[in-house]
Amino acid sequence: MNATLAANRPLNGLLIGTASAATQIEGGCRNHQWWQWAQTPGNIADGSSPERANDHWNRWREDNELMAELGFPIARVGLEWARIEPRPGEFDGAAVERYREELADLIAKGIRPLVTLHHFSNPLWLQARGEWTQPGVVDAFLRYVRFTVSALKDLVSEWVTINEPNVYATQAHLFREAPPSDVSPRKLVRVLQHMATAHVRAYEIIHALQPDAVVTIAHHLRDFAPMNPRNPLHRAFTRFNTWAFNDALTEAFGLGKFPRILGKSPLPEGRFVDVIGLNYYSRTAVTGPSDGVFPGRPVSDLGWEIWPEGLVTCARTLHEQLGVPVWITENGCADNGRPGQLERFRPRFLVEHLAAILDSEVPIERYYHWCFVDNWEWAEGEVQRFGIVHNDYETQIRTVKPSGRMLAEIVAAGSLTADIAAQYASGQTYPTSG
Ligand code: BGC
């Protein structure tokens with residue numbers, strides 16, 4: 001596929017917006033493990049800290065205003081557990097009030113929020129207790145969920161309980177990409193066991209508080225393929241990774257069907273998602289347990305293959321496994337532009353991924369692009385830019401990128417038209433993997 005479209009593609013009800021996470025945009029909070037982790041030189045590529053980020057905690061009105069100007073009907077936003085429950089069992093009314101203001105303002109602007117309760121960040125008190133490796137985390141999380149959902153349920157009815165359990169667990173306990181960077185397969189499995197248990201029970205709790213709620217996880221899926229299809233080891237790892245990273249967790253979180261290694265599900269099997277959130281970025285060329293990229297393929301500035309077909313493959317698998325509609329809760333690319341140019345290929349990336357969605361038969365109802373304003377990219381710091389709006393971190397001045405204007409035009413037209421695609425994306429080229 002390429003950015004030249006022969007025909008218009010009406011959105012047919014697909015809702016389009018953007019996604020973000022509290023720690024990556026808010027700034028100003030020192031009470032979570034990522035702030036602590038960023039204090040040690042070498043942990044964050046550019047030495048930055050989430051303490052600055054987008055200063056969204058103070059600039060949320062401006063950001064909401066910009067989002068409304070662009071006309072997006074939906075937004076995925078995150079809450080910072082460490083702000084809401086700064087000490088175990090002690091809830092901060094002022095923080096909740098501040099979130100209520102922001103959410104009410106979004107709603108008044110015609111933007112429906114999908115709210116993430118946990119997106120990689122833990123309060124320091126939880127981190128000190130062994131974060132998600134200890135069984136006590138389940139009750140702690142459920143207490144936070146009960147409080148938060150009760151406090152916001154007049155404003156919010158769409159919830160993501162946990163973002164990317166597989167990414168959290170592997171980055172923290174296998175790949176040394178996130179705190180506590182403590183490599184231990186046993187801890188990795190425990191984290192997943194506790195997250196799956198917490199999600200399944202949170203699903204029940206949220207529905208008891210709010211019967212009409214829509215509850216899901218944001219599941220990160222990769223399209224795994226053997227680097228060399230003739231190599232039996234590559235094929236075996238492809239099957240294993242697809243099972244361990246993708247499918248087994250879909251069943252555990254979505255259906256309460258825990259694989260033996262995760263122990264017993266807290267509830268009888270059922271369905272514990274109302275839709276399924278899919279975070280999709282890339283395809284992985286498999287030679288072993290870690291990531292690889294096929295040579296000579298289009299890639300983003302982070303070297304991740306750009307592979308729109310994989311989005312549909314992963315969405316189809318989820319839909320077949322769970323029987324519910326799919327919401328793309330994240331999809332995007334690092335495109336850092338070059339001097340004098342805010343971006344080089346994000347419009348093309350968007351055209352190709354949206355076209356793949358609109359051409360598919362899979363019931364995909366929503367598309368949340370990652371992300372709105374360029375934000376603090378965890379261990380990558382401030383250098384890698386995923387936003388459709390540029391952020392100057394020194395001045396905090398936001399500038400809408402061509403991709404932002406393009407997405408706004410697509411939403412306004414109710415169609416991915418050939419004209420819009422040609423205007424914004426024609427002639428754009430991707431970097432190529434070596
Ligand atoms: C995470 C985001 C992150 C994005 C790009 C996803 O795995 O949920 O927080 O910024 O990938 O790396």
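## The second largest pocket

In this predicted model, α8, α9 (185-209), β6 and α10 (232-255) each contribute at least two residues to the lining of the second largest pocket. The leading contributor is α10, which gives the most, with 8 residues. The space in this pocket amounts to about 520 Å³. Its lining consists of 24 residues, and those closest to the centre are Thr 170, Leu 188, Phe 240, Ala 244 and Phe 245.

Sorted by class, the lining of the second largest pocket holds 19 nonpolar, 3 polar and 2 charged residues.

## Packing of α9 and α10

The helices α9 and α10 also pack against each other, at an angle of about 35° and with their axes 8 Å apart. On the α9 side, the residues in contact are Leu 192, Met 195, Ala 196, His 199 and Val 200. Their partners in α10 are Leu 249, Ala 252 and Phe 253. Of the residues in this contact of α9 with α10, 7 are nonpolar, 1 is polar and none is charged.

## The largest pocket

The largest pocket contains about 720 Å³ of space. Two or more residues of its lining come from each of α8 (165-173), β6 (214-226) and β7 (276-286). The largest share, 4 residues, belongs to β7.

In total, 30 residues line the largest pocket, and Val 167, Gln 171, Glu 177, Arg 222 and Trp 304 lie nearest its centre. The classes in this lining are 11 nonpolar, 11 polar and 8 charged residues.

The model has 4 cavities of 30 Å³ or more, and the largest cavity has about 220 Å³ of space. Among the 22 residues that line the largest cavity, Ser 20, Ile 25, His 56, Val 77 and Glu 102 lie nearest its centre.

Several elements give two or more residues to the lining of the largest cavity: β2 (15-19), α1 (22-25), α3 (56-70), β3 (74-78) and α5 (93-108). This lining is made up of 12 nonpolar, 6 polar and 4 charged residues.

## Surroundings of the ligand

Around the ligand there are 13 residues, of which Gln 24, His 119, Glu 164, Glu 377 and Trp 378 come nearest. For Gln 24, a polar side-chain atom lies 2.7 Å from an oxygen atom of the ligand. In the side chain of His 119, an N or O atom is 2.9 Å from an oxygen atom of the ligand. For Trp 378, an N or O atom in the side chain is likewise 2.9 Å from an oxygen atom of the ligand.

## Backbone geometry

Most peptide bonds are trans, and most residues other than glycine have a negative phi. Where are the cis peptide bonds described here? One joins Pro 179 and Pro 180, with omega at about 5°, and Pro 180 is placed in the loop between α8 and α9. Another joins Trp 370 and Cys 371, again with omega at about 5°. Cys 371 is in the loop between β9 (364-370) and β10 (389-392).

Positive phi values are found at two residues other than glycine, Asp 55 and Arg 176. Phi of Asp 55 is near 50°, and Asp 55 belongs to the loop between α2 (33-38) and α3. Phi of Arg 176 is near 60°, and Arg 176 lies in the loop between α8 and α9.

Terms used
Residues are numbered from 1 along each chain as its sequence is written. This is a predicted model: local features need pLDDT of at least 70, side-chain atom pairs count only at pLDDT 80 or more; totals for chains, interfaces and linings use all residues. Side-chain values use heavy atoms; hydrogens and water are left out. On a 1 Å grid over the protein atoms alone, a cavity is a set of points where a 1.4 Å probe fits but cannot get out, and a pocket is an open set with protein on both sides within 12 Å along at least five of seven lines; lining residues have an atom within 4 Å of a point. Grid points are joined across faces, edges and corners, and a volume is the space filled by probe spheres set on the points. Ala, Val, Leu, Ile, Met, Phe, Trp, Tyr, Cys and Pro count as nonpolar, Asp, Glu, Lys and Arg as charged, and the others, Gly among them, as polar. Axes are lines fitted to C-alpha atoms, for helices over the stretch in contact, and angles run from 0 to 180 degrees between N-to-C directions. Contact means heavy atoms within 4.5 Å. A residue is near a molecule or strand if one of its heavy atoms lies within 4 Å of it. A polar contact is a pair of N or O atoms within 3.5 Å; within protein, one must be able to donate a hydrogen and the other to accept it, and residues adjacent in sequence count only if both atoms are side-chain atoms.
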